Every structure is written in C-alpha cells, then in structure tokens.
Amino acid sequence: MNIIRSYKFRLYPNRTQAKGMQTHLWLSKNLWNDGLELAKQLYTNYQKFPTRSTYQEISKNSGLHSQVAQNVFIRLDLALKAKIRRKKAGLKGGFPRFKSIDRVKSLHYPQSGFCLKTDERKLKVSPFGEINIKKHRELEGTIKTLTLKREASDKWYAILTTEAEAKPVLKNNGSQIGMDLGLMNFAVLSDATIIKNPRHLKRHQDNIRAKQKPLSRAKLGSSNRKKAKKSLAIVHEKVRNIRRDFLHKLSRRLVHSHSLIALEDLASQEMAEKNYGKSINDAGWNEFISMLSYKAESAGSRVILVNPENTTKECSRCSIMTDKELSERQHNCPSCGLSMDRDLNAAINILNRATLRTVPRSQDSREQKLTATAGIAGSNACEDEAIVSSVKQEAHAFRRG
Ligand SMILES: [Zn+2]
C-alpha cells in the first residue's frame, strides 16, 4: 500500500514567469469555458458529451502545456459525468459553471512537464523555465504531480504530491498524555504543560478586524473595495501560514515525545459548535488533529480521540461531576477536595478515558486509513485535505469500537 503526501512550497517567479503563469490561468479558464460550451451544445442536441479526441482537438491551439490542457478536460469531464449521475439518481443539478478568471487559481501537471533541479532551489516547469523555489521540507517518496497555485496575495506556490511505500510502524516509548484544547491557551497537557497560542497571531487578527470595516463600507465593484479585499486576503493568508507553521512544529514535537496522545473527539462539528461556538474554526483544531494523526504513524505514536462529554465537569480523581461556569478557572471538587487548574483536570480526564478504554486499532481501520489517503491521489489535493479524511475514518473506527 502506498502513501500519498503533498507539500506546498513558495515560488519566486521572475516578472516574465509570473506574467506567463497568469496568462496560462486565463488560457485554462478559456479552455474550460470553450469545452463546456461545446459540451452543452452537444448535450442539448444529441444527449452526448464530447469524446476525448474532440477535447484533444480543441486543446491543440489552447496555448497551454498539453498536460495542463488535458487536466482541464479531465476535470470538466468528471463534472459533467457527475451531472449525469445526479440526474439518474433523480437529483437536481445543472451543468458545471462557466468560470471567471477569479475562480481559476491553479494549473495542474498530473504527470510530466516539470522537474525539481538537483540543487532543489529551482523548479523547472514547461513552458515557464526554471522558477526559484523555497523548499523548506524534505520530500518523502517519488514526485508524482505538480500544481501551480496563485493565492489571493498573488504569491505563487508549488504543490507537489509524492508517493511512497508505507513504512512499518516504529516503537516509541515516550510518555502518554492527554490534551485539552482551549481558546485562552492553545492546549493544556495532562502533565501540566501549557502550550500557548502562536505569537503575532493576535496582532494579525486585530488587523483583520480593522480591515474588514473599510471593506464593508466600500461600494460594490469600486476600486477601493478591490483594494480592501486584497489587503484583507493577504492578512488572512499570513494568519493561515503562521498557524500552519505552528501546528506543524507542535505536532511533530508531540508525536516524537509521546507514545500516546489523547484528545477530545471533535469530529462532530455540531458538538464542537455547541461547546465552543464558531471560534473552533479559528483555532485550527481539526487541522491540528489531522496533522497529529498522520505524523503519529511514522513516529510510532498513537492518537486516540475520546468522548468529549463532561471532561470539564468530571473530577479526575473521584469522577464526581461538578458544574462550572466558563469563567471558573479552577476545579474544586466538593467530594474529594481535589483542587487544580480546570483545563489540567480536563486533560487528565481525557488521558484517563483513552487509557481505560483499550480499543486497539484494528488492522481494518488502518487499512481503511491508507486507502482513504491514497484515494485522493489523482485530485492533487493538498496535504491537509487528504489528512482530514483519514482522521474522519479513524474517528468512525473508534466510534464503532
Ligand atoms: Zn473529586
């Protein structure tokens, strides 16, 4: 069984290259729209969709790299077939949409047309030439696909996916910990370690709030609105990067120092929203749990998700429940007299639940997990998307168990 991973690296194209890539986004948008137009006509007149050779014919003069053009049609074809499936199933659903340039942000190279130079400081992409790349992580496995992606800030990124054989699981004899994810601190561990939220994040978040105001005041379609929108998108991107970097480092450190990491099962979004409101999305917990889960595997660590109910109310020494207001930071047990930080008490409960309930990871769920990860191979999904699905699988496996 193979594991698909993906990596996102910043690109530094020169002016000509950036212009070229932008032009190719246009071309790819045009190609999508031309193909869709043709498909609509054919379908209306003959209830048929274009064949592969018809598509190839139109893409010849598209100006795009053949791989990129081919991929536009593969995606269009999938979207069209999904329409038929929905129709057969008696569901509503129209044709895919014509795209405006705002909706086209990436160019996909499913097999070839690119290579990483041996010094790994340049990525050669046809037809743009050698583009400077900041490769800040080692790649595991063989490179399979490339996606060139332009973010809202106009920064370009390369998303490379690799394929590698699954390695046998290592042994890790680190300690076992429970983790209570919070909003004041990022987390409190059952060994009383406090993990603070990344620095600078608060400042950027204030900045976002400040920038949202002029945006809501600016007239629709005005150039001020465009400017405000863009500067907001740039701060959002910054926040995403700071947070992702923080989560990557933290999860790597944790899986290497602990043999078991227990967390609350937040897979049920409904539950999470009930308990924490919308801030759960800001906190990046789901992303964090995803990162932990896939990193744990190769570090010989285990991630266990436990039932989150009453982890705050329960006394970690005598199990008696006591109600607490959100503002009460201390757990004071009326029954056994235990007095400790509220989040620490919760973290210990979380660990207890994971160790008392010895649900072994069955071979079954492991295999499912790998398939789930591998299944996304063709879509050029970025790392984090791929992992989310594997965590969900795991969560389901635990619930069954
Ligand atoms: Zn107690």
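1. Strand E1 (residues 2-12) pairs with strand E5 in the antiparallel sense over three bridges; two strands are taken to pair if DSSP finds at least two bridges between them. Within this pairing, Tyr-12 has Asn-132 of E5 as its bridge partner. E1 also pairs with strand E7 (residues 156-165), again in the antiparallel sense, over 10 bridges, and Ser-6 stands opposite Thr-161 in E7. Strands (E, at least two residues) and helices (H or I, at least four) are DSSP runs, numbered from the N terminus.

2. The model is predicted; local features need pLDDT of at least 70, side-chain atom pairs count only at pLDDT 80 or more, and totals for chains, interfaces and linings use all residues. Residues are numbered from 1 along each chain as its sequence is written.

3. pLDDT, the predictor's confidence in each residue on a scale from 0 to 100, has a mean of 81 for the chain, and 83% of the residues reach 70 or more. Over residues 357-401 pLDDT stays under 50. Where pLDDT is low, the predicted coordinates should not be read in detail.

4. An open sheet of mixed pairing is formed by five strands in the order E10-E9-E8-E11-E12. Its edge strands, each pairing on one side only, are E10 (194-195) and E12 (302-306). E12 runs parallel to E11 (residues 258-264), to which five bridges join it; Leu-260 has Arg-302 of E12 as its bridge partner.

5. Helix H8 packs on this sheet, touching E8 (175-181), E11 and E12, and its direction makes about 140 degrees with that of E12. Helix H9 (residues 342-356) lies across E8, E9 (187-189), E11 and E12, at about 130 degrees to E8. Axes are lines fitted to C-alpha atoms, for helices over the stretch in contact, with angles from 0 to 180 degrees between N-to-C directions.

6. The axes of helix H5 (residues 223-257) and H8 (residues 285-299) come within 9 Å and cross at roughly 40 degrees. H5 is therefore oblique to H8, given that angles under 35 degrees count as roughly parallel, over 145 as roughly antiparallel, 65 to 115 as roughly perpendicular and the rest as oblique. The residues in contact (C-beta atoms, placed from the backbone, within 7 Å) include Leu-247 and Val-255 of H5 and Phe-288 and Met-291 of H8.

Terms used
Contact = placed C-beta atoms within 7 Å.
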